Amino acid sequence: MIRSSRRSSNSHSSIAGGLQSRPGFALFMALGALVIIGVLVAGSSFISVQETRLGQNSLVQARAFTVAEYGLNRIQTDWDKTPNLTVPNGASFDTLYVLNGDTAKVRYTRLNDETFWIVSEGRSKAGNSLAGSSRTSVKRVGAILRLRIPTLEAKGAITAGGNVVVKGNAAVDGNDHIPADWGCTNTPNNLPGVTVPPGSTVSNQGSGTISGNPATATDAAAGQADTYFGFGEENWSSLIAQANVRITGTTPSDTPYPRLTAGLDCDKANTANWGEPMRPLTYEASMQGVLTPACYNYFPIIYAPNGLQLSGNGRGQGILLIDGNLEINGTFHWYGVIVVTNDIIRGNGNAKVMGAVMARNETVADGSVITGTTEYNYSACGVERALRGSAQVVQAKHRAWTEMY
């Protein structure tokens, strides 16, 4: 029994020795846990920062691309048509647009007479530059734009869908006139003075004269609606939609002549400004307003839905579209294209038209009567400049757009 007791005592002592206290173990475990937690927190913070930066990068890239596209589209929307005639082939120039603090630098480069290469560089910035967290992105897109130039089937100085009478001291001349100081070098292309469809008549009375190559002619196209309402890729409706000036009554609210802004630019927002057709050799002191070179290349499209009466010492250039009749009085000067849905009716004065006139003669019972001391001279240069100067731009049909980077 004594031996058994001793064994039991030794056994208990051994167990007690195995459970002895180990000072510092808990601290070691706590420190290890803190290190692991710190690593997890640092990793999470790093991932969060990276995701934030990726998000900022994606945002600023999207904004840069958006503003680059904005610049490209804005060019087409705000095309002021001045480059149509003033920018030589191979030349470039820049303009800058701002959208919500982002910028689009747009460069025009003229490739040939009808196409432009447009590059829009969008630049966007996000974040706090003082804190060193700003992000800047640059995107560049390009497009080929072409001029959608209207075409005109002028058959003479006057193309009419009905009878034409030239009387008084009026003169109609189909020989090609080149406006003085316009810089045109085209080979003269002489046309008839007056062209009408078969069955219609042309006559002159009193001192009225008709000249050309030949003086008068008949052409079936003069009786067709497409000759007066179809202009190649454009048509009557599309040109009206692009009109720079709309005349609500039968007369302009003010005598048309070129105006300048306070900054001495051509005032294209003024509806009484119809461009400057005159040059130093042809400008007369009696004309309203001063000679305005800033408006030499402004060829507006003017629409008169209720017929039109022109008078006074006004002047203008471009494309004139008239629903109804046209009556020109006074000493009004016009260079370019006139298209009338009905007739040219009696007018008095010393008016002068340089370009081409087309009168549809919708009211078949009457006809056009050219009177007064008026001149209607055909000018291929005047027609071409008016059509090109008023042309809108559109993207080329195939592979016109590209993202450069």
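This report describes salt bridges in a predicted model.

## Basis of the values

The structure is a predicted model, in which local features need pLDDT of at least 70 and side-chain atom pairs count only at pLDDT 80 or more, while totals for chains, interfaces and linings use all residues. Residues are numbered from 1 along each chain as its sequence is written, and side-chain values use heavy atoms, with hydrogens and water left out.

## Salt bridges in the model

Side chains of opposite charge can pair when their charged atoms come close. A salt bridge is counted when a side-chain nitrogen of Lys or Arg lies within 4 Å of a carboxyl oxygen of Asp or Glu. The model contains 14 salt bridges by this rule.

## Pairs between strands

Strands here are DSSP runs (E, at least two residues), numbered from the N terminus. Arg107 pairs with Asp94, their closest N and O atoms being 2.6 Å apart. Arg107 belongs to strand β2 (residues 102-110) and Asp94 to strand β1 (residues 92-99), 13 residues apart.

A further salt bridge joins Glu403 and Lys139, with 3.8 Å between the closest N and O atoms. Because Glu403 lies in strand β24 (residues 401-403) and Lys139 in strand β4 (residues 135-148), this pair ties together parts that are 264 residues apart in sequence.

## A network and its surroundings

Salt bridges link Glu121, Arg123 and Arg140 in a network. Within this group, the closest N and O atoms of Arg123 and Glu121 are 3.5 Å apart.

Relative accessible area is classed as buried (under 20%), exposed (over 50%) or partly exposed (in between), using a 1.4 Å probe and protein chains only. Glu121 is buried at 15%, whereas Arg123 is partly exposed at 40%. Arg107 is partly exposed at 42%, as is Asp94 at 34%.

Note on methods:
Helix = DSSP H or I, 4+ residues; strand = E, 2+ residues; numbered from the N terminus.
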